[in-house]
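Hi,

Here is the structure I said I would pass along. Have a look at it first, and then read on for what I found.

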Amino acid sequence: MPPTTAAAAQPDPLGVALPLPERPAIPPAMPCKALVTSATADAGGTGYRIIAATEETAGAGAPTVCVVKGYAAPQTQFELRLPMTTYAGRFLQGGCGGMCGVISESITPLCSNAHIAGGTFAVAYNNGGHFAAGIGDGTWATDPELRMQFAHKATHATALAAKAIIARFYARPPEHSYFVGCSGGGREALMEAQRYPTDFDGVVAGSSVSMPAAMQLFLWEAQKGLDAAGNEIFTRDAVAALHRAVLAACDRLDGTPDGQIDDPRRCRYDPALLLCPGDGQATASCLTPAQVDAARAYYRGPVDADGTALFPGGAPYGAELGWIGPGAATRTGKFAAEAFIKQVLLPGELPQDFGWRDWRFTKAGLDRLLRAGASFDATDPDLSAFRDHGGKLLLWQGMADNAAGAYGMLNYYQAVRDRMGGLAATRRFARMFAVPGGYHCRGGYVPYDEDFLGAVVNWVERGAAPERVIAAARLEDGAIRRRPIYAYPTRTRYKGGDVNDPRSFAAGTLQHEPADGYDWPGSRARTRGKF
């Protein structure tokens with residue numbers, strides 16, 4: 001089969017996928033089905049087995065791929081998709097979410113999937129080292145080895161096995177390897193950079209904070225956002241009214257009248273300003289006393305009786321619309337946190353009838369979680385081995401993220417800056433992007449999408465460090481907003497004109513290097529900010 005030119009990325013709905021360096025296509029060296037053998041293979045000391053390999057075409061015009069299904073010992077199931085005619089020497093591994101247990105089918109941000117559709121990448125996903133009923137199921141965690149597989153081993157084993165299969169199929173190893181993950185997948189991304197620094201050349205990590213401590217945020221919001229009978233304190237009208245008031249108070253802090261808050265850390269708004277009149281009659285435009293108290297608690301985040309922060313902040317200003325609905329802590333988050341604490345972090349240490357209402361917010365409780373969760377916690381700021389390998393790290397954080405807040409990733413980036421020689425030295429290999437209005441991994445009250453995979457590929461393969469990315473969002477009125485987002489800490493400056501046009505913006509001037517270390521017991525940052 002003669003080489004062809006590797007296919008370009010397929011169009012993405014909002015038109016923000018970046019062009020990748022053109023590379024000649026590499027044809028397979030063997031038939032797809034020939035990958036299946038009856039023997040166990042070895043990759044770097046990890047045993048794996050291919051169960052099936054079949055050719056598949058997603059649809060008209062889509063590249064044909066060889067879909068490989070297999071597992072690595074002891075039970076890391078993986079799927080690897082190998083393009084038959086368009087492979088350009090790139091390997092991409094996608095992360096999973098929550099407690100994993102299922103095999104993903106895409107990455108976030110969503111527009112980066114255009115590159116996968118284009119067929120230049122061999123792409124792998126795995127189940128995090130165990131089978132589960134869903135990403136909130138912790139039943140598997142009764143096995144100590146499976147807990148360590150979930151912590152970091154399964155991601156590494158998949159990388160080893162996938163690269164070995166790629167080398168066999170195309171008669172050469174991948175020329176460049178990438179990892180993209182968000183939330184739990186962001187934790188996996190950082191774990192790879194920290195523990196296995198030579199696995200990947202480029203890593204994209206989104207919305208990742210201290211996973212053990214993050215469970216407290218879910219439990220805090222559930223305990224504060226549900227009454228004694230289990231009813232939600234917030235209504236759709238209440239969060240909509242609060243969201244409007246917050247935007248009215250803080251929208252223009254960045255000098256742009258665009259209905260979004262670029263940095264919610266600068267915002268201040270007291271929900272008591274919306275307190276319903278003294279007659280107690282709630283309306284669609286005011287908050288009850290219970291809702292005021294709950295909103296204040298959400299913004300503050302988990303604290304102990306003395307007011308010590310037990311997590312880097314709480315719900316960001318602007319995130320109010322995410323306080324209700326299927327993904328809210330009051331619905332599913334509380335059960336996922338309960339399962340993670342009870343079954344993964346502290347198996348056998350809590351009463352059998354322990355429930356989400358039983359957790360108490362104390363420094364001792366936090367310390368217990370951090371010690372028990374050390375193997376799962378990807379907050380080590382020492383990335384020197386990854387840097388020395390030539391690796392490039394792109395961090396990103398939605399600034400209206402209810403599941404991770406707006407402070408945690410910045411706190412980690414500050415810790416990396418402190419450890420790796422300051423901002424300038426860190427930016428040579430690790431950059432961060434703050435996405436205004438973005439929720440947890442996808443969507444938002446301004447639902448921006450941006451191509452971070454394309455950015456890191458161009459950084460690795462062309463040496464083009466990303467100074468900015470173009471983010472795009474389809475607004476409620478159908479208009480498409482495009483906005484440059486600059487590598488932190490450079491702010492986006494409004495020059496005037498149409499707020500939906502990227503030409504109306506430029507890079508702001510950095511007056512001084514920000515201090516982003518958050519004062520909480522789990523912080524590894526030496527430089528603390530004032531928030």
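Below are my notes on the salt bridges and on one of the helices.

Before anything else, keep in mind that this is a predicted model.

**Salt bridges**

As a reminder, side chains of opposite charge can pair when their charged atoms come close. The structure holds 24 salt bridges, and I'll go through a few of them.

Let's start with Asp 304, which pairs with Lys 363; their closest N and O atoms are 2.6 Å apart. Are the two partners buried or exposed? Asp 304 counts as buried because its relative accessibility is 9%, and buried means under 20%. Lys 363, on the other hand, is partly exposed, with a relative accessible area of 40%.

Next, take a look at Arg 417. Arg 417 is buried, at 1% relative accessibility, whereas Glu 513 is partly exposed, with a relative accessible area of 43%.

The other is Asp 516, whose side chain meets that of Arg 417 in a salt bridge at 3.1 Å, N to O. Asp 516 also lies in the segment after β14 and Arg 417 in helix α10, so this pair ties together parts that are 99 residues apart in sequence. Here both Asp 516 and Arg 417 are buried.

These residues belong to a network of salt bridges that links Asp 263, Arg 265, Arg 417, Arg 491, Glu 513 and Asp 516.

**Helix α5**

The other thing to look at is α5, which covers residues 236-250. The helix has 15 residues and reaches 21 Å from its first C-alpha to its last, close to the 21 Å expected at 1.5 Å a residue.

Which residues of α5 are buried? They are Ala 238, Val 239, Ala 241, Leu 242, His 243, Ala 245, Val 246, Leu 247 and Cys 250. And what do the buried residues of α5 pack against? Their partner is α6.

Cheers

Conventions: Residues are numbered from 1 along each chain as its sequence is written. This is a predicted model: local features need pLDDT of at least 70, side-chain atom pairs count only at pLDDT 80 or more; totals for chains, interfaces and linings use all residues. Side-chain values use heavy atoms; hydrogens and water are left out. A salt bridge is a side-chain nitrogen of Lys or Arg within 4 Å of a carboxyl oxygen of Asp or Glu. Buried means under 20% relative accessible area, exposed over 50%, partly exposed in between (1.4 Å probe, protein chains only). Helices (H or I, at least four residues) and strands (E, at least two) are DSSP runs, numbered from the N terminus. The expected span of a helix is 1.5 Å times one less than its number of residues. Contact means heavy atoms within 4.5 Å.
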